[in-house]
Amino acid sequence: MQTPPVLKVRLVHAEPGQRVVQASAWQGDSCLGSALGEAAGAEDAEERAIARLQQRLAAAAPAGAPEPAAAPAANGAVRHPVIRPAATPAPPPEVENEGPEPQEPPQPSLFSSNEPFPTAEPLPTAASVEPPADPDDWSDELAELDVQLQRIGWDRSQEGQYLQRAFGHPSRNRLTAYADLVSYLRCLRNLSAGSDPNSAPVPLRRKDLLEQSDQLLRSLQWDAARGRQLLEQQFQLSSRQQLSDEQLLQFNMLLEESLMSPVEA
């Protein structure tokens with residue numbers, strides 16, 4: 001007998017008055033789908049994300065398929081168990097002069113020449129819309145990192161715990177991409193003094209956002225021309241490569257709204 005899927009949730013974005021939570025359903029090591037929820041508080045955002053995910057799974061599941069396991073709450077209501085990221089243990093001592101981590105091969109995107117849906121004309125890709133070049137001098141950003149860490153009150157060990165959660169390693173020296181450094185700095189600016197490194201919101205990961213938008217576009221069965229139309233209407237841009245991480249998150253949420261309440265073009 002197949003075991004019911006398990007729900008996992010994580011906070012992916014936080015700023016004053018806005019929290020964005022991602023909920024995903026897992027069957028063993030396989031992700032069945034994910035959804036975003038936005039609200040002023042993390043709990044409300046989590047409930048919205050879970051509700052959206054359950055609707056999506058119910059619409060996609062064949063008759064008789066098991067739903068995510070639920071447990072009765074104290075008031076008699078049914079509440080789905082969720083798994084949140086656990087606090088990570090203190091990282092090992094930092095190793096100097098570490099080399100960069102191996103890079104994963106690029107993931108296929110619906111917004112590329114290899115997309116499975118027909119298009120009336122080629123869509124701009126990274127080759128035709130070049131992102132701004134990384135600056136050669138990162139000294140200003142690195143100096144501000146130290147200022148922000150001092151303001152928050154984190155020592156090197158606490159910073160390592162946060163980096164482990166956010167980037168999968170405990171060393172600032174292994175932030176080899178300028179975009180990761182900027183995302184890290186942006187998150188630190190929004191943290192209050194005394195924040196817990198094991199629960200503070202982590203930076204948006206562009207790779208995760210791109211993969212989620214690919215999944216949403218497939219669920220909507222949109223071709224590249226339809227996706228580009230939404231980009232032009234909402235952002236006056238023609239390619240996801242031109243979006244900031246925050247805009248890409250907003251784009252995904254617009255796709256989710258279209259999936260939950262489809263409107264004919």
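User: Hi! Where does H169 lie?

Analyst: H169 lies in the loop between helix 3 and helix 4. Helices (H or I, at least four residues) and strands (E, at least two) are DSSP runs, numbered from the N terminus. This is a predicted model, where local features need pLDDT of at least 70 and side-chain atom pairs count only at pLDDT 80 or more, while totals for chains, interfaces and linings use all residues. Residues are numbered from 1 along each chain as its sequence is written, and side-chain values use heavy atoms, with hydrogens and water left out.

User: Thanks! Is H169 buried or exposed?

Analyst: H169 is buried, at a relative accessible area of 2%. Buried means under 20% relative accessible area, exposed over 50%, and partly exposed in between (1.4 Å probe, protein chains only).

User: And what does the side chain of H169 reach?

Analyst: The backbone oxygen of S171, at 3.1 Å. That is a polar contact: a pair of N or O atoms within 3.5 Å, where within protein one must be able to donate a hydrogen and the other to accept it, and residues adjacent in sequence count only if both atoms are side-chain atoms.

User: Back to helix 3. What caps its N-terminal end?

Analyst: D155 does, with a side-chain oxygen 3.2 Å from the backbone nitrogen of S157. After helix 3 comes G168, whose phi is positive, near 85°.

User: Which residues of helix 3 are buried?

Analyst: E159, G160, Q161, Y162, L163, A166 and F167. The buried residues of helix 3 pack against helix 2 and helix 4; contact here means heavy atoms within 4.5 Å.

User: Switching topic: how many aromatic pairs are there in the whole structure?

Analyst: The search finds four. Rings of Phe, Tyr and Trp (its six-membered ring) pair if their centres lie within 6.5 Å; planes under 30 degrees apart count as stacked, over 60 as edge-to-face and the rest as tilted. W138 and Y178 have ring centres 5.5 Å apart and planes at 50°, so this pair is tilted. W138 is in the loop between strand 6 (82-83) and helix 2 (139-152), and Y178 in helix 4 (residues 178-190), so the pair ties together parts 40 residues apart in sequence. Both W138 and Y178 are buried.

User: What about Y162 and Y184?

Analyst: They are stacked, 6.0 Å centre to centre with 25° between the planes. Y162 lies in helix 3 (residues 156-167) and Y184 in helix 4, so the pair links parts 22 residues apart in sequence. Y162 and Y184 are both buried, and together with W154 and F167 they form one aromatic cluster.
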